[in-house]
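Hi,

Here is the structure I promised to pass on. Have a look first, and then read on for what turned up in it.

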Amino acid sequence: MAVNRVPVLKRCRSLGMDPVYLGIDKKSNRQLKRANRKMSEYGLQLREKQKAKFIYGVLEKPFRNYYKKAKQMSGMTGENLMVILESRLDNVVFRMGFARTRREARQIVDHKHVLVNGKQVNIPSYLIKAGDVIEIKEKHKSSPRYKEILEVTGGRLVPEWLDVEAEALKGTVKELPNREVIDVPVDEMLIVELYSK
């Protein structure tokens with residue numbers, strides 16, 4: 001399995017985004033030394049794609065497959081792409097506050113701690129549907145790890161498309177999100193332009 005080992009804050013700086021979107025509340029004190037060169041149209045499109053891939057922790061091949069799937073769905077391709085990325089299981093676990101970051105959520109899913117509708121799922125890219133019930137396995141609920149996580153994520157705002165019982169480490173997907181409620185700083189139209197060349 002390919003792993004992205006780029007230091008997170010360094011990557012955030014190079015993409016010009018805030019680490020908060022990754023669930024990290026650190027700030028980088030360094031400023032990016034970038035020549036004041038005007039970025040080309042292709043450069044802007046590529047940066048938006050890299051931003052989306054980095055935020056959701058998706059590599060190029062699966063990202064391209066998501067794009068193809070989004071293109072086949074009805075509606076706007078860019079919005080469909082963002083909804084697909086947002087409905088990945090690792091992202092939903094992160095959004096529910098059961099993990100501090102998406103990377104940690106991915107690890108929790110990988111380690112078989114998550115049940116979807118009562119069945120164990122250990123595929124971070126599993127796409128959830130409206131009405132799915134997601135919970136942490138009973139034997140892991142009492143572990144100190146989740147107590148620590150809930151202390152950190154307690155103040156985080158849970159999106160309105162999710163219904164979460166934090167104490168029970170359980171949540172329900174009320175509906176799939178639409179683009180308006182996805183608070184990710186990505187201009188998906190540039191990604192669509194990049195792929196449609």
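Please keep in mind that this is a predicted model. Let me start with a pair of helices. Helix H6 (residues 102-110) and helix H8 (residues 144-153) have axes that come within 14 Å and cross at roughly 155°. With angles over 145 degrees counted as roughly antiparallel, H6 and H8 are therefore roughly antiparallel to each other. Their crossing is left-handed. On the H6 side, the contact is made by Glu104, Gln107 and Ile108, and on the H8 side by Arg145, Tyr146 and Ile149. Sorted by class, the residues in this contact of H6 with H8 are three nonpolar, one polar and two charged.

Now to the strands. Five of them form an open sheet with antiparallel pairing, in the order S2-S1-S3-S5-S4. Strands S2 (119-120) and S4 (162-165) are at the edges and have a single partner strand each, so one side of each has no neighbour in the sheet. S4 pairs with strand S5 (residues 170-173) in the antiparallel sense, over four bridges. Within this part of the sheet, Leu162 stands opposite Val173 in S5.

As for the whole protein chain, there are nine helices and five strands. From the N terminus on, the elements run α-α-α-α-α-α-β-β-β-α-α-β-β-α. The radius of gyration of the chain is 17 Å, close to the 16 Å that the globule rule gives for 197 residues, so the chain is as compact as a globular protein of that length. Along the principal axes, its C-alpha atoms fill a box of roughly 55 × 45 × 30 Å.

Best wishes

Conventions. Residues numbered from 1 in each chain as written. Predicted model: local features only at pLDDT ≥ 70, side-chain atom pairs only at ≥ 80, totals over all residues. Heavy atoms only, no water. Axes fitted to C-alpha atoms, helices over the stretch in contact; angles between N-to-C directions. Helix = DSSP H or I, 4+ residues; strand = E, 2+ residues; numbered from the N terminus. Parallel < 35°, antiparallel > 145°, perpendicular 65-115°, else oblique. Left-handed = near helix turned anticlockwise from the far one by under 90°. Contact = heavy atoms within 4.5 Å. Nonpolar A, V, L, I, M, F, W, Y, C, P; charged D, E, K, R; others polar. Pairing = 2+ DSSP bridges. Rg over C-alpha atoms; globule rule 2.2 N^0.38 Å.
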